[in-house]
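Me: Please examine the model shown below and answer a series of questions about its metal sites, fold and core.

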Amino acid sequence: MGTLFKNGTVVTASDMVQADVLVEGEKVVLIGQNLPTQGHEVINCEGKYLMPGGIDVHTHLDLPFGGTFSNDDFDVGHKAAAFGGTTMHIDFVNQPRGGSLHDGLVTWREKAKPSQIDYGFHMIISDLRDDVMDEIPSLLDEGITTVKLFMAYKGVFQIDDNTLYKAMQVAAKHGMIVMVHAENGDVEAQLRSQLLAEGKTDPIYHYSSRPPEIEGEATNRAVVLAGLTGCHLYVVHVTCIPAIDALRRGRQLGYPVMGETCVQYFHVTRDHHLGAPGFEGAKYVCSPPVRNEEHHQALWQAFKDDTLQAISTDHCDFWYEGGVGPWQQWEKDHKGGQWAEYEKQDPTYRRPGKELGKGNFAKIPNGMPGIEDRMMVMWELGVNSGKFSPSRFVELMSTNPAKIFGCYPQKGTIAPATDADIVVWDPNAKHTISASTHHMRCDYNVYEGMQVTGVPQQVYLRGKRIVDGNIWLGKNGEGKYVRRIPNAPVL
Ligand code: URP
Ligand code: ZN
Ligand code: ZN
C-alpha cells in the first residue's frame, strides 16, 4: 500500500502540472493522471500545490556563539522547520579551537541525535593549521562537500587571505566548495573600537561598524581568489549592492562563484528595526547587518539576473528577554524539548541571550530566528507579489540548494525515485506570523504580525506525514543524515 496524492498541482523548478503522485515507502514511485486509488491511502490535494520540501542550507542550531548558545537545537529547531515546510537543512559544524575537523563532527553528530527532519553538515574551519589543511579532503568520506571560512569575527573565527587562498586550492582539487562569510573583519574591528570609544553603544551602531563597503570589499576579494584558484565559491548571506556587484562581475568574468541571501535581508530594515528605540534593535542584530530599501531592491534584481542562486535563513536564535518566567512558560507550552543537561538540572537556568549586549552593541549575540518562517515569508514576498513564479520559488528554496550542495535529485524535486519529501501547500490559506504561535524556541519573531497567504498544510518526510495542520506527527531520531557528493555544478 502506498500514499496517493490525488489531483494536486505538482510544482517543480521546471514545471507545474496537474497530476497524481504515488509514494511507496520513502520514495516517489509514479507521477501520472488518474492513477488508480485501490489499495492506497488517498490524500485529496484538490486546489493544493505539491512541492518538494524546503531545504535551508544555512542554519546554526545549538551554536556556541558570543558567550552563549543559539536556542534551537536538532529537536525543537527541526519541528519548527517542518511546521514551516522545510524537510532538510544543512547546519554548520564548528571546528573546536585547537581541535581537528573530526572533533567538531563528533560533537555535531551527538547534537543531531534527536533529529526529526533530514540534515547535512558544512564544516566551519577557524584554525587552519597544516594538519587541518591535510584533513579537508577526508570530509568527503563523511559526505561533506563544503567548508566555510570567515573573513570577519576577528580573534574568533577570522582567517587571513593566505589561509583562504590555500584552502581554495585544496577545495578546488577535490571538487569541494568554499563558503565565505564576507566582511572585512580588520576594518570592522577598527570601526567597532572607535564607535565604542565615542560612547556609541546602542544596537544601531552595529550597523555603523559593518557598512556595505566592507561586505563588498571582502566579497570581491573572495571572488577574485576563486577566479585565481578555480575553486567553487558560495558567498553566504549577501545583503548589499557592493557585494552583489562583486559577485555579478565575477560571474561575468566566468568565475565559478555563487551566492545566497537570507529572508530577513528582504524585509528587516536598518532604520525601522535595528534603529528601534531603546534596546529593541538587539532583536535584529545579525552579521552582516540588515540594510535599507535600496539594498532590498538590489537583492530582488540579483535574483532576476541570476547573480544569486538560493534563499536561506542563517537561523541562529537567542532569547530577547527570555528570563526565568518566560523561559519556564515556553517549556510548559511546548511540553519540553530536548534540553541540555545543565538546563534540565537547574530549572531556573536559561541560556543568556541578547541582553548580553546591553550597553555594548558588540556583545549582542549575532543572529535571529527564521527557520520556520522562510517558506511562508518568501511565498508572500516573492510569489504573491508576482516577483517569483511558484516554480522559481521551488528552484530557489529547494532545487538549487540540492543541486549546489550535492544531494540532487535525491532531494530538491518531485520525480520518480526521489525522496518523498513533499509539502502539500495551500496557496489560499491565511496565517498571521507571531511568536505566540510559532514553534521556534524564541520569545520574538522577526516577522511578527505579517499576514501571509499560502501555508504548508501537510508535510511528508520520506513518505511519512510529520505535520498535519497544527499537529506534530514526527519522532525524535527519524531525521536522517544526508551524505552529499562533490563536483556539483556552478549554477
Ligand atoms: O549574525 C549571524 N549571521 N549569526 C550567525 C553566524 C554567522 O555569521 O553566520
Ligand atoms: Zn556569517
Ligand atoms: Zn551563519
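**Metal sites, fold and core**

Reply: Four donors count as tetrahedral if all angles lie between 85 and 135 degrees, four as square planar and six as octahedral if opposite donors are over 155 degrees apart and all others between 65 and 115, and anything else is irregular. This is a predicted model, in which local features need pLDDT of at least 70, side-chain atom pairs count only at pLDDT 80 or more, and totals for chains, interfaces and linings use all residues. Residues are numbered from 1 along each chain as its sequence is written, chains are lettered from A and ligands numbered from 1 in the order in which they are written, and side-chain values use heavy atoms, with hydrogens and water left out.

Me: Is His58 buried or exposed?

Reply: Buried means under 20% relative accessible area, exposed over 50%, and partly exposed in between (1.4 Å probe, protein chains only). Asp314, at 9% relative accessibility, counts as buried. Because its relative accessibility is 0%, His58 is buried.

Me: Why is the arrangement around the zinc ion (ligand 2) irregular?

Reply: His181 (ND1) and His237 (NE2) coordinate the zinc ion (ligand 2) at 2.1 Å. The pair links distant parts of the chain, with His181 in strand β12 (residues 177–181) and His237 in the loop between β13 (232–235) and α8 (241–252), 56 residues apart. Helices (H or I, at least four residues) and strands (E, at least two) are DSSP runs, numbered from the N terminus. The arrangement is irregular because the four donor atoms subtend angles of 56 to 150°.

Me: How far apart are the zinc ion (ligand 2) and the zinc ion (ligand 3)?

Reply: Both His181, at 1% relative accessibility, and His237, at 2%, count as buried. The zinc ion (ligand 2) and the zinc ion (ligand 3) are apart by 3.8 Å.

Me: What is the radius of gyration of the protein?

Reply: The secondary structure comprises 15 helices and 19 strands. Taken over C-alpha atoms, the radius of gyration is compared with a globule rule of 2.2 Å times the number of residues to the power 0.38. For 491 residues, a compact globule would have a value near 23 Å, which agrees with the protein's 22 Å.

Me: Which residues touch the most other members of the largest nonpolar core?

Reply: A nonpolar core is a set of buried Ala, Val, Leu, Ile, Met, Phe, Trp, Tyr and Cys residues joined through side-chain atoms within 4.5 Å. Of the protein's 491 residues, 61% count as buried. In the largest core, of 129 residues, the members that touch the most others are Val178, Leu233 and Tyr234.

Me: Which helix gives the most to this core?

Reply: The core includes Val178, Leu233 and Tyr234 among its 129 residues. With seven residues, the helix that gives the most to this core is α14 (residues 374–383).

Conventions. Donors = N, O, S within 2.8 Å, 3.2 Å for Na, K, Ca; no water.
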